[in-house]
Amino acid sequence: WKVLHALWKRRKATSRELLEDLSNEGWAYTTLKTMLTRMEEKGFVRSRALGNAAQYEPLIERDETQRSALRSM
C-alpha cells in the first residue's frame with residue numbers, strides 16, 4: 001500500500017524517487033525494487049525504460065482499489 005500511495009501521489013516515479021518518498025520506512029533499494037517487480041507482475045504498475053533507470057506508474061486507480069480492499073474486509 002505504501003508504494004502504491006507514493007506512486008498515486010507522483011503518478012510516475014523512478015525507484016530512487018520512491019525510495020526518497022518512503023525513506024521513513026528504512027527499506028533497502030533492493031527491497032523496493034523487488035516489490036515493484038512483483039507489483040508489475042501482478043498488473044498493479046508498469047515500467048518503462050528511462051535512460052539507465054525505470055520509471056513506474058500505477059495501472060490501478062486509487063479510489064477503486066481502496067473500495068475493493070474495504071469490500072474484501
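Modeller: **Leu-7 and its surroundings**

Leaving out neighbours within four places in sequence, Leu-7 is in contact (heavy atoms within 4.5 Å) with Lys-12, Ala-13, Leu-18, Leu-36, Val-45, Tyr-56, Glu-57 and Pro-58. The model is predicted, so local features need pLDDT of at least 70 and side-chain atom pairs count only at pLDDT 80 or more, while totals for chains, interfaces and linings use all residues. Residues are numbered from 1 along each chain as its sequence is written, and side-chain values use heavy atoms, with hydrogens and water left out.

Leu-7, Leu-18, Leu-32 and Leu-36 touch the most other members of the largest nonpolar core, which has 16 residues. Such a core is a set of buried Ala, Val, Leu, Ile, Met, Phe, Trp, Tyr and Cys residues joined through side-chain atoms within 4.5 Å; buried means under 20% relative accessible area, exposed over 50%, and partly exposed in between, with a 1.4 Å probe and protein chains only. At least two residues of this core come from each of α1 (2–10), α2 (15–21), α3 (29–41) and β3 (53–58). Helices (H or I, at least four residues) and strands (E, at least two) are DSSP runs, numbered from the N terminus. The largest share, five residues, is supplied by α1.

Leu-7 also belongs to a contact between helices. The contact joins Val-3, Leu-4 and Leu-7 of α1 to Leu-32, Met-35, Leu-36 and Met-39 of α3.
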